[in-house]
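Keep the sequence beside the structure while reading.

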Amino acid sequence: QVQLMESGGGSVQAGGSLRLSCTWSGNIYKGDELAWFRQVLGNEREKVATIFGAGITTYTDSVKGRFTISRDNAKGTLYLQMNSLQSEDTGMYYCAARRYGTQQYTDWGQGTQVTVSS
């Protein structure tokens, strides 16, 4: 069974940087999609960034140019480098996996909190 675990969250002042990590155990294949989501209590989860097996990445407009998603399959780790953080980036960040050929994100971490103060 696949398990995901986020780390690297914390409190930072606006303009600062954080690097989130998500390690996995079990089988995540090169063709599987990995993604970062974030959520503020009372709101729906927002997809922040995705990375596909071929290395193609996508970002929500609000983080383009500031965030970078990457993966290291050998280490079993997904990363999210966050620069020029803004108060609007505050939230609980989750990593998730979607299997190749499927439509649902079936594997989720428990989340890591990011708080940005202005």
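E33 and R98 form a salt bridge, with 2.2 Å between the closest N and O atoms; the term stands for a side-chain nitrogen of Lys or Arg within 4 Å of a carboxyl oxygen of Asp or Glu. E33 belongs to strand β4 (residues 33-39) and R98 to strand β9 (residues 91-98), so this pair ties together parts that are 65 residues apart in sequence. Helices (H or I, at least four residues) and strands (E, at least two) are DSSP runs, numbered from the N terminus. E33 has a relative accessibility of 3% and therefore counts as buried. Buried means under 20% relative accessible area, exposed means over 50%, and partly exposed is in between, with a 1.4 Å probe and protein chains only.

The model is predicted: local features need pLDDT of at least 70, side-chain atom pairs count only at pLDDT 80 or more, and totals for chains, interfaces and linings use all residues. Residues are numbered from 1 along each chain as its sequence is written, and side-chain values use heavy atoms, with hydrogens and water left out.

The count of salt bridges comes to seven. Another of them joins the side chains of R66 and D89, at 2.8 Å from N to O. This pair links distant parts of the chain, 23 residues apart: R66 sits in the loop between β6 (57-59) and β7 (67-72), and D89 in the loop between β8 (77-82) and β9. Both R66 and D89 are buried. A further salt bridge runs between D107 and R99, whose closest N and O atoms are 3.5 Å apart. Here D107 is buried, with a relative accessible area of 14%, whereas R99 is partly exposed at 22%. Through shared partners, salt bridges also join R38, E46, R66 and D89 into one network.

Leaving aside neighbours within four places in sequence, its contacts include E33, I56, T58 and Y105, where contact means heavy atoms within 4.5 Å. With T58 there is also a polar contact between the two side chains, at 2.3 Å. A polar contact is a pair of N or O atoms within 3.5 Å; within protein, one must be able to donate a hydrogen and the other to accept it, and residues adjacent in sequence count only if both atoms are side-chain atoms.

Now to the sheet. Four strands form an open sheet in the order β1-β3-β8-β7, with antiparallel pairing. Its edge strands, β1 (3-7) and β7, each pair on one side only. Two strands pair if DSSP finds at least two bridges between them. Strand β3 (residues 18-25) and β8 run antiparallel and are joined by six bridges; L18 has M82 of β8 as its bridge partner.

The aromatic pairs number three. Rings of Phe, Tyr and Trp (its six-membered ring) pair if their centres lie within 6.5 Å; planes under 30 degrees apart count as stacked, over 60 as edge-to-face and the rest as tilted. The ring centres of F37 and Y105 are 5.1 Å apart and the planes are at 85°, so this pair is edge-to-face. It links distant parts of the chain, F37 in strand β4 and Y105 in strand β10 (residues 105-108), 68 residues apart. F37 is buried at 8% relative accessibility, and Y105 is buried at 16%. Ring pairs link F37, Y105 and W108 into a cluster.
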